[in-house]
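Work through the following exercises with the structure in view, and try each task before reading its solution.

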Amino acid sequence: MSYVDEVINLVVEKNPAQPEFHQAIKEVLESLRVVIEANEEAYRRDALLERIVNPERQIIFRVPWVDDNGQVQVNTGYRVQFNSAIGPYKGGIRLHPSVNIGIIKFLGFEQIFKNSLTGLPIGGGKGGSDFDPKGKSDREVMAFCQSFMNELYRHIGADTDVPAGDIGTGAREIGYMYGQYKKIRNIYEGVLTGKGLSYGGSLARTQATGYGLLYITAEMLKCNGSDIAGKTVAVSGAGNVAIYAIQKAQQLGAKPVTCSDSTGWIYDPEGIDVELLREVKEVKRARLTEYAAARPSAQYTEKKEGAPSVWSVKVDIALPCATQNELHLDDAKALVANGCMAVCEGANMPTTMEATEYLQANGVWFVPGKAANAGGVATSALEMSQNSERLSWSFEEVDGKLQNIMVNIFHNLDDAAKKYGMEGNYVAGANIAGFLKVAEAMTAQGIV
């Protein structure tokens, strides 16, 4: 049995009931076969793969808090510090009922290579809780965040582990967590990113993941002799990533026509009205039915079994920006049948392995999330730099650095794919480019 297969089997055996983690391990290691086989003797001797698939540290803790009725609630908190070979752990905090240790490990493992691809000195980590901020009062969210930080503070620091936002963790939650950290530690440092502008946050951080997604999509199209201007785009999600992906797509001359939330999706053939979308989702925190009610050109489809999905619309480019495993094989077939030329992932692993393979087999350019959505963590690292220097850069300066990073990421993964005889396979290229840097650093630092 090959070294890759041995390690995949080992991960599945030792991490039962963690399908998302298994999926991430298989997807990465399968695409690294050519690199690993070329270095198998040294990697096997040093147990490099066993070390890279095992987190350096996994922290699980209870989070008790009191709701507005005086009832004590208890959630579970997680922080997985996966790999610090190239820098302090860096990765978001996800607050969602679906969160469990397997999902956090999948996200943390992906984060290793995503962070490596940025070219910045940041390692991979991830955290979160099964707490759901939806429907909670500000006081309840604050109570949870303070309790969460009462344990997390022991394990993080500006040069150790720098968490950020993610699904369910926006500026409000980051603010409450930062305030509690500062109170407990009596230190004012850049320990969290995604902070408010009044206390160390970075301009362009809010827009970064969505903007970065479009920068790498545009560069990929350009390098394949196409242009994003004039293209029709399907976007899933209606959160931070989706909203600013839609905004930047419009600025680059494309026409996004869809968005979605947990209850349904919108098709707007005239193009999504991004200001109306922001009003509905960011200000009112309402459902997309309100967008449809305010926009005569919009068609709303409720999410239910057998109903058409956001991927059923005829578009040139698809940008899944919602959550993991949202784009399935049938969706991929619909996109191919409708002439879709490119799929770039704004979320973490939103496309199933079967769908990814089908898209690639049918000539669709496919850029995985670890490359395509790296703009968020890249700008978080830029926020860390500003905090360290006690400086604040302009929006244009940060945005310019972000664009350069995303363009470089595409060329790095494109070059890696070509070097190993897999031209056009951007999944393999991203994994190879990210892995080689981490593997070299791990080897240089010895068996630790």
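**Exercise 1.** Determine in which order the 5 strands of the open sheet are arranged, and which strands form its edges.

*Solution.* In this predicted model, the strands follow the order β7-β6-β11-β12-β13, and their pairing is parallel. The edge strands are β7 (255-256) and β13 (365-367), each of which pairs on one side only. Turning next to a pair inside that order, strand β11 (residues 317-319) and strand β12 (residues 342-344) run parallel and are joined by 2 bridges.

**Exercise 2.** Find which residues of helix α13 (residues 329-337) are buried, and work out how they are placed around the axis.

*Solution.* Begin with the buried residues of α13, which are D331, A332 and L335. These residues cover an arc of only 100 degrees around the axis, and therefore they lie on the same side of α13. On the other side of the helix, D330 and A337 are exposed. Now ask what covers the buried residues: the cover includes β11, β12 and α14 (353-361). Finally, step just past the end of α13, where G339 takes a positive phi of about 85 degrees.

**Exercise 3.** Decide whether A439 is buried or exposed, and identify its contacts beyond its neighbours within four places in sequence.

*Solution.* Locate A439 in helix α18 (residues 426-444). Its relative accessibility is 3%, and because buried means under 20%, A439 counts as buried. Leaving aside neighbours within four places in sequence, A439 is in contact with Y43 and L48. A439 and L48 are 391 residues apart in sequence, while their C-alpha atoms are 7.5 Å apart in space.

Terms used: Residues numbered from 1 in each chain as written. Predicted model: local features only at pLDDT ≥ 70, side-chain atom pairs only at ≥ 80, totals over all residues. Heavy atoms only, no water. Helix = DSSP H or I, 4+ residues; strand = E, 2+ residues; numbered from the N terminus. Buried < 20%, exposed > 50% of the residue type's maximum accessible area, 1.4 Å probe, protein only. Contact = heavy atoms within 4.5 Å. Pairing = 2+ DSSP bridges. Arc of directions from axis to C-beta.
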